[in-house]
Amino acid sequence: MLKRSIIVSGALHVGIIAAATIAWPHALAFPADETPPNIPVDLVTIADVSNVAPTVQEQQKVETPPDEPAPPQPAAAPPPPPEAEVAPPPPDKTPTPKPKEAEQNAVPPAKPALPRRRPQAPQRFDVDTVLALLDKRTPKPVAPPPNAKPAEQTIKGLGDQSALSLDLKDALLAQMRECWNVPVGAPNPEQLIVQVRVFLTQDGSLAQPPQLEPATRAAAATNGYMRTAAEAALRAVNVCEPYKRLPPDKYDAWREIVMTFDPSKMIGR
Amino acid sequence: MARSDKTLLRRPWRTLVIAAVFAFDSLFGAFAPARAALQVRVDQGVTEPIPLAIPDFLGNPQAGRDIAAVVRADLERSGLFRSLSPASFIEKIVDINTPPRFGDWRTVQAQGLVTGQAVMQPDGRLKVDFRLWDIFGESQMVGLQYMTTPENWRRIAHLVSDSIYERITG
């Protein structure tokens, strides 16, 4: 039994590891695939991107009022049914002649105009309700709660976090922008793309010195400008060191970061 | 005999399986964290002067003070460097051949440190040594030595600042 279970567990482990190692080479090419989606994040201001909750709440406020005015509309709607009741009698008076039916068809359009005048009268009666509305102290607190409370709950459910929270990458980029002293003056800056692997502790400090990715290290060994760019990137990571803006509850997401420093957009600035 | 044969067969099996499991587990454990890295693309930064600490050179007090002053002026004039006030320095350099206390220089916000000495030689010539230290990398970036007549001290100071400029900016 022990033998079987060991063999089975061994086989399972081998299978899992085999799957993992097959995916491993793909992970090496991953950075190139992931980098493009980050670009649009930079083009929009932080508030527009991640401060979602407030805007949604405003929409809800707009949505709630229509529910209240809705009752008055039904008040206007009831009159039409009586029109329909009024309309049937004429057909009873004219059972056979078809031309009269045509006349009746001509008549109904005029009738709807009359019912429209009738609802106006109930609106005059609503003046009392308008007066009630003028008493802002009592009606408002009573009316909004039933409609607004459920809406607020759903809004909070839709938003990821609170209104003040920043997206993880936003927070990191905002900090790195202040620390990265872009190497200027080098020819072909668009080629001086540096990748640095950063290891952080939970309090936002560097767990170990930042490391250049293999491709960057190789380029820096042969190209003086690349070496300068790599040193500038490492300096930026070190200067920014207390990464306090990163949310501690998402530590697993930012425990290890690969930062790609791309100076091509800084040309001419 | 039969039992002993079985046990002989079983043992290598067990050891093989257990060894394989441990080996793959250790491999898997080593690779797993590498995949979890967050990808961030930084394409905006600042263009600010790099703060450098350039204390007076050791050795001949007059020459050391003059050369350091010219190096500071040269680098600041480039617009790419900012010379930190010597009053803020925590560590007093006493020997340029021993690595500085990098932590002290990080505290004063220095990203680079220039240490040097200007010594009059018995033959009447002036010998100027200097080293440029990477404070965060905790390593030496440049180390050079010049020999010249004492009248040429200013020229040497310009050479020192040129080599620092070239090494940092590329």
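Modeller: Let me begin with one pair of strands: E2(B) and strand E5 (residues 112-120) of chain B run parallel and are joined by two bridges. In E5(B), Gly112(B) is the bridge partner of Leu52(B). This is a predicted model, in which local features need pLDDT of at least 70 and side-chain atom pairs count only at pLDDT 80 or more, while totals for chains, interfaces and linings use all residues. Residues are numbered from 1 along each chain as its sequence is written, and chains are lettered from A and ligands numbered from 1 in the order in which they are written.

Colleague: What makes E2(B) and E5(B) a pair?

Modeller: Two strands pair if DSSP finds at least two bridges between them. E2(B) and E5(B) have two bridges, and therefore they pair. Strands themselves are DSSP runs (E, at least two residues), as are helices (H or I, at least four residues), both numbered from the N terminus.

Colleague: Which other strands of chain B pair, and in what sense?

Modeller: Strand E2 (residues 50-53) of chain B also pairs with strand E4 (residues 81-83) of chain B, in the parallel sense and over three bridges; there, Leu52(B) stands opposite Ser83(B). Strands E6 (residues 126-134) and E7 (residues 139-148) of chain B run antiparallel and are joined by nine bridges, with Lys127(B) opposite Met147(B). The hairpin of E6(B) and E7(B) has four residues between the strands, and Glu138(B) takes a positive phi near 50 degrees in it.

Colleague: Why is Phe130(B) called buried?

Modeller: A residue is buried if 20 or more other C-beta atoms, placed from the backbone, lie within 10 Å of its own, exposed if 12 or fewer do, and partly exposed in between. Phe130(B), in strand E6 of chain B, has 27 C-beta neighbours inside 10 Å and therefore counts as buried. Leaving out residues up to four places away in sequence, Phe130(B) is in contact (C-beta atoms within 7 Å) with Val114(B), Thr115(B), Gly116(B), Leu144(B) and Val160(B). Between Phe130(B) and Gly143(B), 13 residues apart in sequence, the C-alpha to C-alpha distance is 5.8 Å.

Colleague: What makes E2 of chain A and E1 of chain B edge strands?

Modeller: They belong to an open sheet of four strands with mixed pairing, in the order E2(A)-E1(A)-E3(A)-E1(B). E2 of chain A and strand E1 (38-42) of chain B each have a single partner strand, so one side of each is left without a neighbour in the sheet. From one strand to the next, the twist averages 20 degrees. Inside this sheet, E1(A) and E3(A) pair in the antiparallel sense over six bridges, and Phe199(A) stands opposite Glu256(A) in E3(A).

Colleague: Which helices lie across these strands?

Modeller: H14(A) lies across E1, E2 and E3 of chain A, at about 25 degrees to E1(A). H12(A) lies across E3 of chain A together with E1 of chain B, at about 40 degrees to E1(B). Such angles run from 0 to 180 degrees between N-to-C directions, the axes being lines fitted to C-alpha atoms, for helices over the stretch in contact.

Colleague: What makes H14(A) mostly covered?

Modeller: Twelve of its 16 residues are buried, among them Met226(A), Ala233(A) and Val237(A). The buried residues of H14(A) pack against several elements, including helix H12 (168-179) and strand E1 (194-200) of chain A and helix H4 (153-169) of chain B.

How values were computed
Two residues are in contact if their C-beta atoms, placed from the backbone, lie within 7 Å.
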